[in-house]
Amino acid sequence: MPAFPILFPGTFPINLTCIGMMILTGIIVIVFLRLGLRRLDMRHPRGLQNLLEWIADFAANMARDTMPNEQAVRWILPLAFTMLIYLFVANWLGLIATIAIHLDHPIPWLGLTAERLRQAHGEVPLFDSPTANMSMTLGLAIMVWVISHARGLRHPKQYFKHFISPSPLAIIEEITNPLTHGMRLYGNIFAGEALMGIILGIPLVFGWIPIGLPLLLVWLFYSAFVSTIQAYVFTILMCLYIGNKSFDGHGAH
Amino acid sequence: MFETGTFIVSIVAFLIMFLIIRRYGFKPLADMLEQRRQYIERQISEAEEGRAQAEALLAEQRRLLEEARQEARNIVEAARARADEQAREILQAAQAEAQRLLEENRQMIAREREEALNAALREVADITVRLTAKLLQQNVTDAVHEKLLAEAEKKLGELVC
């Protein structure tokens, strides 16, 4: 287990690497968007604008597949668009690089006690996927859960009916959905990074033949695929959960 | 392991970043897309409107052309009718004129004939009287002469008529 720098380790642990990477992801996303929006042209889109339009279109199609009516689609579209790009960038950040420093001296106020450092062999990650952190992905999942229920409560009658109307067992879903929603993302990204770390740790045969290299390449491709897919899966599940609780309009899903 | 602080702070951080991205990253794009959608919609409706207008204009043109044709036909028809009428009138007038001239000439001939006859009668009467006077030894007074002349004229008139 790597030793992350943690603020308030005893009472209210905040993973500084994770939050820092979240903010970095946000900055990358906004810079990317602003670059694409620099010269918006309604009639002659070109370059990055095409890509942005394609992403927006993709998000809109996702929302249309899961939302009951056009109004709900328009409501969810900014969130779906942001979530898609944000998670894509976040997932890929850990693939591009993970940076860790080797720390020998314990820093107790950051939670880097001597014992934890020893367990992690002094490795302190500073650059990592924010989505490789269970608390962060669960946070996003719970946020989606809260949004979906808040939206459902705008129509209380249908909202309370839908818990019991097909089967009361559906209530279990209300607990398992956010859990699996968050854990799926975390598990995929974390597994990708962990295995990559292990592959990188394979010793060189005879001191110079990198037998882990082909394995690393294969795993990199696979992780890139998984990262992209997971961004899509998380976003479409978000649309689905929120769409399930959008009772306005004709015939919810 | 689960970290409460990371959990809560990540939600807050994500929401803040979401708001920023929506305001500065998504809104211009969405506005542009909406603008484009409206532009295309307007173009389509304008094109449809233009086509409908063109069709209406075409129909109007056809109608006007048909009307003009009909009118031309009417005018030609009317002109022909009037020409016929005029021709008939002229013919009638000419006939009447000829009739009138014929009548006039006939009357003139009759009058001249009468006058000539009268003059001849008068001459004959005069000659007769003069002959008679000569026969009666030239002793006739003017009064008797006039009386004889009148008598001769009367007799001759009876003779002629």
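Modeller: The discussion below concerns a predicted model, and it takes up two chains in turn.

Biologist: What makes α3(A) and α1(B) roughly perpendicular to each other?

Modeller: Helix α3 (residues 70-96) of chain A and helix α1 (residues 4-135) of chain B pack at an angle of about 100°, with their axes 10 Å apart. Angles of 65 to 115 degrees count as roughly perpendicular. The value falls in that range, and α3(A) and α1(B) are therefore roughly perpendicular to each other.

Biologist: Which residues meet where α3(A) packs against α1(B)?

Modeller: From α3(A) come Pro78(A), Leu79(A), Phe81(A) and Thr82(A), and they meet Phe18(B), Ile21(B), Arg22(B) and Phe26(B) of α1(B). By class, this contact has six nonpolar, one polar and one charged residues.

Biologist: How many residues does each chain bring to the contact between the chains?

Modeller: Chain B gives 26 residues and chain A gives 32 residues. On the side of chain B that touches chain A, 17 residues are nonpolar, six are polar and three are charged.

Biologist: How do you know what form chain B takes over residues 6-26?

Modeller: UniProt, in an unreviewed entry, places the feature "transmembrane region" at residues 6-26 of chain B. In the model this span is 100% helix and 0% strand, and its end C-alpha atoms are 27 Å apart.

Biologist: What makes a residue of chain A count as buried, and what percentage of the chain is buried?

Modeller: A residue is buried if 20 or more other C-beta atoms lie within 10 Å of its own. Buried residues make up 36% of the 253 residues in chain A. The chain has eight helices and four strands, and they follow the pattern β-β-α-α-α-β-α-β-α-α-α-α along the sequence.

Biologist: Where in chain A is confidence lowest, and where is it highest?

Modeller: Confidence is lowest in helix α4 (residues 114-119) of chain A, at a mean of 80, and highest in helix α5 (residues 134-152) of chain A, at 93. Across chain A the mean pLDDT is 87, and 98% of the residues reach 70 or more.

Note on methods: Residues numbered from 1 in each chain as written. Chains lettered and ligands numbered in written order. Predicted model: local features only at pLDDT ≥ 70, side-chain atom pairs only at ≥ 80, totals over all residues. Axes fitted to C-alpha atoms, helices over the stretch in contact; angles between N-to-C directions. Helix = DSSP H or I, 4+ residues; strand = E, 2+ residues; numbered from the N terminus. Parallel < 35°, antiparallel > 145°, perpendicular 65-115°, else oblique. Contact = placed C-beta atoms within 7 Å. Nonpolar A, V, L, I, M, F, W, Y, C, P; charged D, E, K, R; others polar. UniProt positions renumbered as here; feature names shortened; annotations may be inferred. Buried ≥ 20, exposed ≤ 12 C-beta atoms within 10 Å, placed from the backbone. pLDDT = per-residue confidence, 0-100.
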